[in-house]
Amino acid sequence: MPPPWILTSPASRGIGLHLTRHLLRTTPLPIVATARTDLEGARARILDGLDVDPTRLEVLQLDVTDENSISLAASHCRARFPSTYLHLAFCTPGILYPEKSPSQISHAHALQTFETNTLGPLLLAKHFLPFLPRKATALYSGPDSAALPAAATFALMSARVGSIADNAAGGWYSYRASKAAVNQLVRGFDIWLRQSAGAKALCVGLHPGTVRTGLSREFWASTPREKLFEPEWAAERLVEVVRGVGVEGRGRCWDWKGEEIPP
């Protein structure tokens with residue numbers, strides 16, 4: 001069997017970009033990254049300064065709010081990888097409108113938040129979960145396999161503020177609700193994978209902390225320096241968490257320290 005492959009979506013900037021760069025440096029596998037527009041620009045940013053084989057990277061057009069683009073990308077992957085499986089996927093779409101009171105809730109902004117943060121991962125899973133291994137699939141054990149999680153992993157970007165139990169501050173109503181829904185998706189998708197793949201594939205949620213990306217720009221000044229993470233560092237930590245949680249941690253949400261976040 002040819003080696004499996006990796007998916008990072010989206011990957012044109014922020015954590016997705018740096019996850020892709022980190023995985024190109026530390027694994028030998030082909031990587032499919034996605035971007036809404038400017039595919040060549042995204043490819044150039046991902047490869048900038050890396051000493052890797054550039055043919056390992058393919059950038060596909062995909063907009064998580066457009067199911068047709070997701071379906072087309074999945075069809076392309078099906079044709080490109082007809083006899084192997086998806087070993088690792090990071091689904092990282094996210095936008096934030098930080099409402100401080102109910103009067104600030106905007107229907108348009110809330111709808112966009114759920115379309116991106118919740119329906120985006122939902123539809124990525126619809127089209128890409130079938131690429132994960134089944135119970136009868138032989139898992140990858142080739143060179144540098146130790147850099148990968150032992151089981152195939154489908155990781156969704158959650159957030160600590162998506163925890164209902166941990167919500168003591170209120171606010172951020174649409175963002176919190178969209179990420180709480182992601183935690184439910186993680187649980188549901190993992191149950192499906194448990195049934196179809198046993199211990200060979202799982203789903204987890206991830207919280208990267210406050211990362212210096214466009215999503216958190218408004219809060220850089222108010223975040224203590226030691227709690228504002230560079231995206232390169234956050235990407236490395238998330239990969240380590242995914243490698244470490246194993247099948248015992250399936251179906252749950254984990255922060256950048258490898259600590260579980262309650263639902």
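With 263 residues, the chain would have a radius of gyration near 18 Å as a compact globule, and its value of 17 Å agrees with this; the radius is taken over C-alpha atoms, and the globule rule is 2.2 Å times the number of residues to the power 0.38. The model is a predicted one, in which local features need pLDDT of at least 70 and side-chain atom pairs count only at pLDDT 80 or more, while totals for chains, interfaces and linings use all residues. Residues are numbered from 1 along each chain as its sequence is written, and side-chain values use heavy atoms, with hydrogens and water left out.

Along its principal axes, the C-alpha trace spans about 55 × 40 × 40 Å. The secondary structure comprises 6 helices and 10 strands, taken as DSSP runs numbered from the N terminus (helices: H or I, at least four residues; strands: E, at least two). Of the 263 residues, 52% are buried; here buried means under 20% relative accessible area, exposed means over 50%, and partly exposed lies in between, with a 1.4 Å probe and protein chains only.

The chain carries 28 positive and 24 negative charges, whose mean positions are 4 Å apart. In this count Lys and Arg are positive and Asp and Glu negative, with His and the chain ends not counted; each charge is placed at NZ of Lys, CZ of Arg, CG of Asp or CD of Glu.

A search of the whole structure finds 5 aromatic pairs, where rings of Phe, Tyr and Trp (its six-membered ring) pair if their centres lie within 6.5 Å; planes under 30 degrees apart count as stacked, over 60 as edge-to-face and the rest as tilted. The rings of Trp5 and Phe131 are edge-to-face, because their centres are 5.4 Å apart and their planes stand at 75 degrees. This pair links distant parts of the chain, 126 residues apart: Trp5 belongs to strand 1 (residues 5–9), and Phe131 to the loop between helix 4 (107–128) and strand 5 (152–157). Phe131 also pairs with Phe128, in a tilted arrangement with 5.6 Å from centre to centre and 35 degrees between the planes. Trp5 is buried at 0% relative accessible area, as are Phe128 at 1% and Phe131 at 10%. Ring pairs join Trp5, Phe81, Phe128 and Phe131 into a cluster.

Helix 4 also contains Thr116, which is buried with a relative accessible area of 10%. Leaving aside residues up to four places away in sequence, Thr116 touches Val64, Thr65, Pro93, Gly94, Ile95 and Pro121.

Helix 2 (residues 39–47) has Gly41, Ala42, Ile46 and Leu47 buried. The buried residues of this helix pack against helix 1 (14–26), strand 2 (31–35) and strand 3. Strand 3 (residues 57–61) holds Glu58, which touches Ile31, Val32, Ala33, Arg43, His76 and Arg80 when residues up to four places away in sequence are not counted.

Further along, Val245 lies in helix 6 (residues 231–245) and is buried at 12% relative accessibility. Beyond residues up to four places away in sequence, Val245 is in contact with Val204 and Trp254.

Several backbone features remain. Most residues other than glycine have a negative phi, and most peptide bonds are trans. The peptide bond from Ser9 to Pro10, however, is cis, with omega near -10 degrees, and Pro10 lies in the loop between strand 1 and helix 1. Asp38, in the loop between strand 2 and helix 2, has a positive phi near 50 degrees and is partly exposed at 46% relative accessibility. After helix 2 comes Gly49, with a positive phi near 80 degrees. Trp172 is not a glycine, yet has a positive phi of about 50 degrees; Trp172 sits in the loop between strand 5 and helix 5 (173–197) and is partly exposed, with a relative accessible area of 25%.

Notes:
Contact = heavy atoms within 4.5 Å.
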